[in-house]
Amino acid sequence: MPEPTNIKVVVRVRPYNRREQEQNQRCIIKVMDSSSLLFDPDEEDDEFFFQGAKQQYRDISKRTNKKLSMEYDRVYDTERTNEDIFAECTAPLVDAVLDGYNCSVFVYGATGAGKTFTMLGSENCPGITFLTMRDLFEKIQMQQDTRKFDVGVSYLEVYNEQVMNLLTKTGPLKLREDSNGVVVSGLVLTPIYSAEELLRMLTLGNSNRTQHPTDANAESSRSHAIFQVHIRITDRTTGTKRSVKLSMIDLAGSERAASTKGMGMRFKEGASINKSLLALGNCINKLADGLKHIPYRDSNLTRILKDSLGGNCRTLMVANVSMSSITYEDTYNTLKYASRAKKIRTVLRQNVLKSNLPKEFYVKKVNEVMVEQERLMERNKLLEAKLAQLERASNEHSFDPAQLTPWYSKIDAVYSTVTKLQQCVIGLRSKIQSLSYRQKLKKDFEQLRKVLTMDQRVLQEDYKLFTNYLSALSSRTQKYTDQLPEWRSKLEAACMDLKRLKQEVKESKHYHILNQYLSNKDLEVQLSKQQMNCGHLTAINNELVENSDLLLKSFTNGSDVLHQLYDRLEETQKLTPDIQTAYARLERRMRFTEAETAASLQDTELDELLAEQLQENQEPPEPLTSSARKRARARRTHTVSDSDFVLHLGVDSCEDTDSDEDNNDETAHVFKRPCNLNVTQVLTHNANQQHKALTATVTKPRPVVNRRIVSDMISDQSVCGSTEKEKIKQALFKSSKFSTQELKRTCAAAIQKENLKTFSNGCVRKSPRALIAKKLRRKKED
Ligand SMILES: Nc1ncnc2c1ncn2[C@@H]1O[C@H](COP(=O)(O)OP(=O)(O)OP(=O)(O)O)[C@@H](O)[C@H]1O
């Protein structure tokens, strides 16, 4: 049930007209604010000024001032214009009409109070009818796409209780009532299509309106004019139809007969006007009191206004008053009427048209709607399921990144602990291994030293240092070994924590994101482990290489000594078969080592190239004279001093840094802490060093040695013919340019050639190198 709504009542006060100014009338209305006024204020309250002087005139018939404070929906003072009234009062009615509500505007007031001025206005100052209709058509134009509007107008006049059609100047027309309300018989609506047409109709109707001059108004309208716009609105989408009506009613003056001083026809007019206005007043009073029976039938005016006052209509009443005391009674009555009208409540309903379609049509429509509804419900279900699915997916993926912060912190903390403990465990294991390895090397070296050292006293002294160093190493190894289980169990506990955390992550809703994070962290831990292992291997490699370097130097020195001794014995014919055999065995051992090294150097073409380069850069050896040999021996004696064999007793890698750095003597680097080089540097460096050392040791131009190597090789090999064997030997002897490695290679190639019977004596004798080159070329061609 729609909420009842009150009629909106506004009061408009017009300024003094010429007559009132001349008569120097007192102002009886004081506008207090936008919604209240004071009727008949005290004189001191009257601030009317005429020609710059405050007026003191007071109606002597009025002993006391009423000083009535009155409230309305709106009070417009003399400054306010028709535009203001339109904007605030009738423009909202246009929207209501287009929404399907009937609307009415009627102006009420004594003659000359400004009703027609408000409603119709003038050319320069259009009234609210013009402004409202223009607005209506503008809004209709804007809605043409969605709705269809059929507009028709009628303009009626009620003059002396007779209803006339102002547009056709026909009448009187009869009123009758049907289910749609009061209907004017024979009234044909004039269709219009634009605001201009509508205004033309209005002007035409006004020109036909009955007007006679009165004392109060030279152009007094002596009739009630009812301008109505009927609109049928059809919704283009749904086909829904509505029929609405906007009525603009300009009532005749509500003056007392006395005030107009009318005689004859004018008196009759006045009486008729008063009669209809009296009927209107009665209706307003009863409507305001909420009575059920309203005497609309008392006059044609009230019959026509029936649905504008108490029916389904939004109604605006503009009460026009003059501020002059001349119209004191009329103004007072108008204000009283307006106050009463304010209490009228109407019930608004949208005017949806009833239809005369047959029942079958509705049954069919209902069936269609039900089928459509079922289809839509099915579709709705599908869409809801899809929506739920999307919401689930979006919940999974959309999250506040801040939610992950605690997870990240937790994961970082656990992984940090694991990494640190892993470092400790690997560090300890590495330390233990490197200390054990150092001990082993120390022992091996000591063994070698025992063999070489002649001076037992020195050996004894060194042995003391050696044992101290070994026990220091051993105690440190033990200390780290004892610590290892504790750190291992800590690491295991941290790994368990990590496992639990991974399980938590698996059960959390952010699994997909966090799992990726965990994988990255796992990789970081792996990388850290690899780096630590790599560091450990580098350290061990350094120790190995540096110690083998020392052994190599020792071995080289020993070899020199042996060569000298062997040569001396040979020269002095003191060489015994036992010494020869022992020396040959030692040489074979050396050759074995040599062969291994050569094999590794032959692994790649690059290595061959390097060997070639080294060989080519090598100066041809000068045969050593005995004095030169002595000088060389003296150099070696100086270089290979006792200090070469003094054990470096650095006890721990962490504690002997300074001493290592200070000691620049190459020989003092025995068993020193691994230097801080990366793997590549270490290996390259060591390989070069070793290769240089070996080359220096075994490729020294020693014809005697070369001869021995060639003889041994030839004798060890099974060559077909003994003559050929000797020829090969002799040819190879002539070559003093080759390194041991090359001699071996040459021998092997020559023997192979001989055995294959493809080897010619000339070739061998001429150039073993050319022979080899030829052999290699053929190999490539194959
Ligand atoms: N607000 C106003 N401002 C200026 N002049 C006004 C105002 N209202 C009315 N008037 C002037 O007062 C005179 C009388 O106005 P109007 O004809 O509108 O009165 P009315 O109430 O329609 O009278 P009637 O009932 O006799 O037709 C006109 O000359 C009009 O121009």
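Which residues in α13 are buried? In this helix, Asp462, Tyr469 and Leu473 are buried, a residue being called buried if 20 or more other C-beta atoms lie within 10 Å of its own, exposed if 12 or fewer, and partly exposed in between, with C-beta atoms placed from the backbone. The model is predicted: local features need pLDDT of at least 70, side-chain atom pairs count only at pLDDT 80 or more, and totals for chains, interfaces and linings use all residues. Residues are numbered from 1 along each chain as its sequence is written.

Helices (H or I, at least four residues) and strands (E, at least two) are DSSP runs, numbered from the N terminus. Helix α13 covers residues 456-507, and the distance of 74 Å between its end C-alpha atoms agrees with the 76 Å that its 52 residues should span, the expected span being 1.5 Å times one less than the number of residues. At Leu484, α13 bends by about 30°, and Pro485 follows within four residues; the bend is the angle between axes fitted to the seven residues ending at a residue and the seven starting there.

The UniProt annotation "binding site", from an unreviewed entry, includes Ala110 and Thr111; positions are given in the numbering used here, feature names are shortened, and annotations may be inferred rather than shown by experiment. Ala110 lies in the loop between β9 (102-109) and α3 (115-119), and Thr111 is found in the loop between β9 and α3. Ala110 counts as buried because it has 25 C-beta neighbours inside 10 Å, and Thr111 counts as buried because it has 26.

Phe555 is placed in helix α14 (residues 511-571) and counts as partly exposed, with 16 C-beta neighbours inside 10 Å.
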